[in-house]
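Welcome, and do keep the structure open while you read.

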Amino acid sequence: MIVITTPIGQIGGRLLAILLDQTRTCGEELRVIVRDPGRLPDRVGARVDVVTGSHGDAEVVDRAFDGADAVFWLVPSNTQEPSLDAMYSGFTRAAAKAFTTHGVGHVVGVSALGRGTPVASRAGHVTASLAMDDLIASAGVAYRALANPTFFDNLLRQVASIRDNGVFTDTVAADRKAPTAATRDIAAAAAGLLLDRSWTGAGEVPVLGPEDLSPNDLARIMSEVLGRPIRYERQTLDEFRTALAGHGVGGALVQGYLDMMRAKDDGLDDGVRRTPQTASPTTFREWCEQVLKPAVQA
């Protein structure tokens with residue numbers, strides 16, 4: 001039995017699709033935790049056991065983890081949490097207890113790069129995510145944290161600006177190269193770990209994408225794929241703060257994002273060397289052709 005949280009999210013939704021295909025022949029049962037079962041894809045049907053509610057709720061995870069062998073764990077975004085600790089470790093504490101109560105053997109979580117770097121303790125959301133990893137590992141389960149960089153898919157939030165103005169923004173230096181990955185590769189890495197549970201102990205699995213790219217590199221590739229000039233504009237952290245507050249993000253979380261972006265510009269994502277084991281396959285050009293271009297043209 002594999003339990004999937006956030007089964008309609010960017011990563012969880014793709015993971016569910018992968019497991020629906022791959023578990024037909026391997027004897028694994030699937031269970032999802034979801035607030036609104038009506039948003040699940042039609043193909044889920046009777047193949048998936050559904051537990052309705054929030055996976056931050058003790059009663060919900062107690063039901064969901066009964067009989068579970070493995071769990072995919074992802075903390076959902078909540079712009080109104082009072083603190084980063086509440087958003088990550090606070091949300092996870094009931095689940096960590098339930099892992100032990102129900103003898104869950106393996107957990108795969110979505111986390112971030114940065115552990116062991118000089119800026120890891122002052123990286124906002126990433127610092128809080130690493131503390132969540134430690135909390136899960138302390139429950140005694142075999143745990144793998146998917147250590148991720150920035151997602152290609154974050155650019156989908158800027159489709160209107162890319163389409164209408166030929167502009168995308170970020171806060172890092174225009175020529176700063178860093179790892180970036182597709183969420184579909186993160187989901188694939190999670191699926192592999194959940195289906196082959198021969199691993200033990202606690203550790204990280206980096207998902208680095210196939211190459212380091214700068215915002216200038218992203219602009220060039222987007223321009224080539226979209227057939228029109230796309231340029232990068234660097235936001236100041238104050239501009240970023242104003243934009244987040246304008247979208248209703250709470251003060252503690254805004255500061256967490258600012259600290260994270262400052263840390264990224266100071267090398268937060270540079271602590272892991274790319275190898276055949278840490279690289280992931282989808283190139284930014286492929287992602288632009290298959291995901292961004294259709295979204296811009298829609």
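This is a predicted model: local features need pLDDT of at least 70, side-chain atom pairs count only at pLDDT 80 or more; totals for chains, interfaces and linings use all residues.

## Strands, helices and a salt bridge

Thr 150 belongs to β7 (150–151), and β7 is joined by two bridges to strand β9 (residues 178–181), the two running parallel.

Stepping back from that pair, you will find an open sheet of three strands in the order β7-β9-β11, with mixed pairing. The edges are taken by β7 (150–151) and β11 (212–213); each has a single partner strand, so one side of each has no neighbour in the sheet.

There is also an open sheet of seven strands, ordered β3-β2-β1-β4-β5-β6-β10 and paired in parallel. Here β3 (48–52) and β10 (202–206) are the edge strands, each with a single partner, so one side of each is left without a neighbour in the sheet. From one strand to the next, the twist averages 20 degrees.

Now to the helix pairs. Two packed helices are described by the angle between their axes and the distance between the axes. Here are two such pairs side by side.

| Helix pair | Angle | Axes |
|---|---|---|
| α1 (residues 10–22) and α6 (residues 183–195) | about 50 degrees | 8 Å apart |
| α7 (residues 215–226) and α10 (residues 284–297) | roughly 60 degrees | within 10 Å |

With α1 and α6 packing at about 50 degrees, α1 counts as oblique to α6. The crossing of α1 past α6 is right-handed. On the α1 side, the contact includes Ile 11, Leu 15, Ile 18 and Leu 19, while the α6 side includes Ile 186, Ala 187, Leu 194 and Leu 195. By type, the residues of the contact of α1 with α6 divide into 11 nonpolar, three polar and two charged.

For α7 and α10, the axes cross at roughly 60 degrees, which makes α7 oblique to α10. α7 also passes α10 in a right-handed crossing. Among the residues that meet are Arg 220, Ile 221 and Glu 224 in α7, and Arg 285, Glu 289 and Lys 293 in α10. The residues of the contact of α7 with α10 divide into nine nonpolar, no polar and five charged.

Finally, a word on charge. Side chains of opposite charge can pair when their charged atoms come close. How many salt bridges does a search of the whole structure find? The count is 19. One to look up is the salt bridge of Glu 28 with Arg 197, where the closest N and O atoms are 2.9 Å apart. Glu 28 sits in the loop between α1 and β2, and Arg 197 in the loop between α6 and β10, so the pair ties together parts that lie 169 residues apart in sequence.

Conventions:
Residues are numbered from 1 along each chain as its sequence is written. Side-chain values use heavy atoms; hydrogens and water are left out. Axes are lines fitted to C-alpha atoms, for helices over the stretch in contact, and angles run from 0 to 180 degrees between N-to-C directions. Helices (H or I, at least four residues) and strands (E, at least two) are DSSP runs, numbered from the N terminus. Angles under 35 degrees count as roughly parallel, over 145 as roughly antiparallel, 65 to 115 as roughly perpendicular and the rest as oblique. A crossing is left-handed if the near helix is turned anticlockwise from the far one by less than a right angle, and right-handed if clockwise. Contact means heavy atoms within 4.5 Å. Ala, Val, Leu, Ile, Met, Phe, Trp, Tyr, Cys and Pro count as nonpolar, Asp, Glu, Lys and Arg as charged, and the others, Gly among them, as polar. Two strands pair if DSSP finds at least two bridges between them. A salt bridge is a side-chain nitrogen of Lys or Arg within 4 Å of a carboxyl oxygen of Asp or Glu.
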